[in-house]
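Please consider the following note alongside the sequence and the coordinates.

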Amino acid sequence: MTEVASNQPVDANSGPGHLLDLGAFVGELTVEDDLPSDDISLEGLEQELQDCKTDDVVATILSKGTKLRDYTKDVENNLRQIELDSIEDYIKESDNLVSLHDQIHDCDTILSQMENILSGFQAEIGSISSDIKILQEKSMDMGLKLKNRKAAESKLAKFVEDIIVPPRMIDIIVDGEVNEEYMRTLEILSKKLKFVQIDAMLKTSKALNDVQPELEKLRQKAVSKVFDFMVQKLNALRKPKTNVQILQQSILLKYKYVIQFLKEHGKDVHVDVRAAYIDTMNKVLSTKIRAYIQALEKLQLDIATSNDLIGVDTRSTSLFLRGREPLKNRSAVFALGERINILKEIDESALIPHIAEASSKRHPYEVLFRSLHKLLMDTAASEYLFCDEFFGEQSMFYEIFAGPFSVIEEHLNTILPNCFDAIGLMLMIRIIYQYRLIMSRKRIPCLDSYLDKVNISLWPRFKMVFDMHLNSLRNANVRTLWEDDVHPHYVMRRYAEFTASLIQLNVDYGDGQLELNLERLRMAVDDLLVKLAKLFQKPKLQTVFLINNCDMTIAVLKEAGPEGSKIQMHFEELLKSNTSIYVEELLMEHFSDLIKFVKIRASEDPSSGSSERPISVSEVEPIIKDFGSRWKAAIELMHNDVITSFSNFLCGMEILRAALTQLLLYYTRLSDCMKRIAGGSSLNKDLVSISSIMYEIRKYSRTF
């Protein structure tokens with residue numbers, strides 16, 4: 001076909017009259033005759049026909065009845081025409097295709113050139129990559145060398161800095177004054193000395209031979225200089241009227257590095273400085289505390305002597321021993337009173353002797369005891385903390401305070417054997433307890449052993465004085481103590497005040513041993529009270545005496561608070577039983593016939609006939625008439641008797657009311673008995689009405 005086209009060129013622009021006849025090129029399309037029927041297999045035809053039922057083209061052909069051969073020819077003609085149209089389109093675009101071919105050829109040429117250029121670039125890049133790799137390896141090698149050189153330079157610079165001795169440092173150590181700059185220079189010198197001793201590399205260095213002698217000279221000079229400085233400061237502590245705490249806090253603590261330097265580089269000198277400080281503070285504090293004790297002794301007020309015991313007769317004590325002492329101070333022997341305020345002022349400042357002496361006021365020993373131990377506590381706490389901060393040693397405190405403790409113990413050993421003030425001793429025991437709590441809250445244990453020792457010395461002395469009071473009751477001469485007076489005895493008042501004081505001092509402490517001792521004291525005073533009561537001739541007076549003393553004791557114990565309830569309950573029971581006895585005695589004194597009749601005969605039943613001698617009107621009549629004629633006068637006499645017998649008006653009125661109530665009960669039983677007697681109604685006119693008796697009872701009840 002190409003050959004035909006080349007032999008007969010066609011002008012594309014020749015117009016419609018010269019159209020190309022495609023039939024000349026293609027020729028006639030012929031369809032071969034059908035193959036012989038013998039070669040056609042009809043197998044599966046039925047299935048194919050079933051499948052073609054749904055085909056639209058087949059359905060159309062079958063519906064029109066078109067022959068298959070004709071339809072095939074139409075299709076072939078259509079295909080031929082489409083092919084011819086396509087060829088014609090390609091021929092029309094032949095110039096464009098030639099141009100496209102030329103462009104593609106030019107592109108291939110350009111791309112070939114680009115390929116050559118890129119191949120050159122690739123070769124050059126490969127060469128550059130290997131150069132970069134070589135440079136990278138060189139850079140890493142140089143970085144490692146630089147790092148090693150810097151490390152070596154750093155170590156060498158530190159070595160030079162640590163070993164070199166600057167002239168400025170030499171000038172300060174040798175010629176400078178001990179001040180803050182001197183402290184900083186000492187720290188630098190200490191670092192260099194440690195470096196020379198510890199650094200293993202330095203031992204192989206030739207620089208050590210040049211520097212070590214110079215450092216040793218500087219060390220010796222520094223040690224000598226700071227030793228002289230510390231001796232000077234310690235001498236300042238010995239000066240009179242020096243405030244030790246201010247000197248320690250404002251001056252010595254600024255130079256605490258001196259002690260650390262001596263401990264590290266001058267151990268012998270450090271030991272000397274430590275010993276000098278201990279000796280200085282021991283003497284200074286001992287002197288100050290001894291002087292303070294001497295000043296306090298001038299303010300002491302003696303409260304009790306060996307004769308000031310509960311069971312000792314006041315009349316047997318020499319008047320010459322009492323002449324110098326005000327009467328108001330004698331009450332403090334057994335009564336606590338305002339002395340308990342010392343426990344409320346436990347953390348107040350210590351007494352200043354010259355100010356207290358100027359007021360001419362004297363104080364019980366527990367006030368001086370508190371003041372002394374408050375001063376000791378403040379001083380000890382300050383010194384303990386200073387030793388810990390300045391020397392870094394807490395154990396030094398006990399060496400320093402061995403002297404002050406000895407001074408105080410010597411003082412207590414002088415005071416306690418002559419102390420017979422049991423209340424004062426108990427106050428001192430409570431003061432020590434409170435100070436232990438205060439030191440515990442501050443977490444300063446430096447006084448624990450000392451306070452324990454003082455507490456151990458106070459308790460036996462208190463026990464001894466307490467036993468003296470106890471024995472004074474047990475061994476008391478009853479006839480010497482007895483007075484012909486039913487009012488409260490002074491021994492019982494002493495006992496009540498003494499017991500109430502100790503009970504009050506045991507509040508919040510719950511000391512079982514003290515409670516046991518108080519019970520022993522109560523038993524002893526019970527025995528003495530009964531012995532004193534028996535010396536009265538009349539049983540009634542004995543009972544009145546017991547009631548008055550029990551009532552007074554209860555009143556005093558109530559002031560001690562609820563803790564006194566155990567002993568108080570004992571005396572309340574005793575008061576109750578004696579009141580019942582007194583009521584019976586009082587009624588028997590004025591209405592003996594009535595009471596005897598009621599107790600013996602009133603319980604009998606006249607109608608039963610069981611009694612050998614039945615109650616008759618004649619037996620009851622004298623009793624009823626006697627009562628009716630004088631019951632008001634008898635009650636008045638009872639009232640007067642009660643008023644004069646009992647020192648406590650309220651107690652007396654309670655007893656009178658109890659007596660009148662009991663009288664009413666007796667009279668009511670008599671009235672009931674009379675109603676059961678034959679002919680007893682004849683005495684109704686002589687009976688006193690119950691309402692009348694009740695009226696009298698209420699009248700006397702209103703008096704209180």
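1. A residue is called buried under 20% relative accessible area, exposed over 50% and partly exposed in between (1.4 Å probe, protein chains only). By that rule Asn 549 is buried, at 0%. Asn 549 belongs to helix α24, residues 539-558; helices are DSSP runs (H or I, at least four residues) numbered from the N terminus. Leaving aside residues up to four places away in sequence, Asn 549 touches His 487, Pro 488, His 489, Met 492 and Leu 529, contact being heavy atoms within 4.5 Å.

2. This is a predicted model, in which local features need pLDDT of at least 70, side-chain atom pairs count only at pLDDT 80 or more, and totals for chains, interfaces and linings use all residues. Residues are numbered from 1 along each chain as its sequence is written, and side-chain values use heavy atoms, without hydrogens and water.

3. Lys 241 is not a glycine, yet has a positive phi of about 60 degrees. Lys 241 sits in the loop between α9 (207-237) and α10 (244-250) and is exposed, at 85% relative accessibility.

4. The whole structure holds 23 aromatic pairs; rings of Phe, Tyr and Trp (its six-membered ring) pair if their centres lie within 6.5 Å, with planes under 30 degrees apart stacked, over 60 edge-to-face and the rest tilted. Tyr 277 and Phe 391 form a tilted pair, 5.0 Å centre to centre with 45 degrees between the planes. This pair links distant parts of the chain, 114 residues apart. Tyr 277 is buried at 1% relative accessible area, and Phe 391 is buried at 2%.

Note on methods. Helices (H or I, at least four residues) and strands (E, at least two) are DSSP runs, numbered from the N terminus.
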